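Please consult the sequence and structure shown below while reading.

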Amino acid sequence: MTRATWAERKVDAICRWTSDSLRALVIKLLLAEHKRAVNVVKREIERVKKDQHTYHSEERCLILGSLETVLKALQKGRT
């Protein structure tokens, strides 16, 4: 399923009564917000990987595991 397809299905499920231009705008905003969420998680993963002083190795592994699970869920569209 392409990114546009899942976004269209989500918007169509909620906004059946809107005009095509409004529908297109909402889809565009939804895709942009999804991309932003993916980028935020990726940046946080890199920040935790580079941080050598704040976390013990066990904590770092748990945090990275959690962040990678969130990233996989976002990339699969299961949010």
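## Salt bridges

A salt bridge is here a side-chain nitrogen of Lys or Arg within 4 Å of a carboxyl oxygen of Asp or Glu. The model is predicted, and the structure holds three salt bridges.

One of them joins the side chains of Arg23 and Asp12, with an N to O distance of 2.7 Å. Arg23 belongs to helix 2 and Asp12 to helix 1 (residues 3–14), so this pair ties together parts that are eleven residues apart in sequence. Arg23 is partly exposed at 23% relative accessible area, and Asp12 is partly exposed at 32%.

## Pairs within helix 2

Glu33 and Arg36 meet in a salt bridge at 3.5 Å, N to O. These residues are about one helical turn apart, because three residues separate their positions in helix 2. Glu33 is partly exposed, at 46% relative accessibility.

Arg47 pairs with Glu44, and their closest N and O atoms are 2.5 Å apart. Arg47 is partly exposed at 39%, as is Glu44 at 28%.

The buried residues of helix 2 are Ile27, Leu31, His34, Val38, Val41, Ile45 and Val48. Leu22 is found in helix 2 (residues 20–50) and is partly exposed, at 37% relative accessibility.

## A buried arginine

Arg60, in helix 3 (residues 57–76), is buried yet has no salt bridge. Leaving aside residues up to four places away in sequence, Arg60 touches Val48, Asp51, Gln52 and Tyr55.

Notes: Residues are numbered from 1 along each chain as its sequence is written. This is a predicted model: local features need pLDDT of at least 70, side-chain atom pairs count only at pLDDT 80 or more; totals for chains, interfaces and linings use all residues. Side-chain values use heavy atoms; hydrogens and water are left out. Helices (H or I, at least four residues) and strands (E, at least two) are DSSP runs, numbered from the N terminus. Buried means under 20% relative accessible area, exposed over 50%, partly exposed in between (1.4 Å probe, protein chains only). Lys and Arg count as positive and Asp and Glu as negative; His and the chain ends are not counted. Contact means heavy atoms within 4.5 Å.
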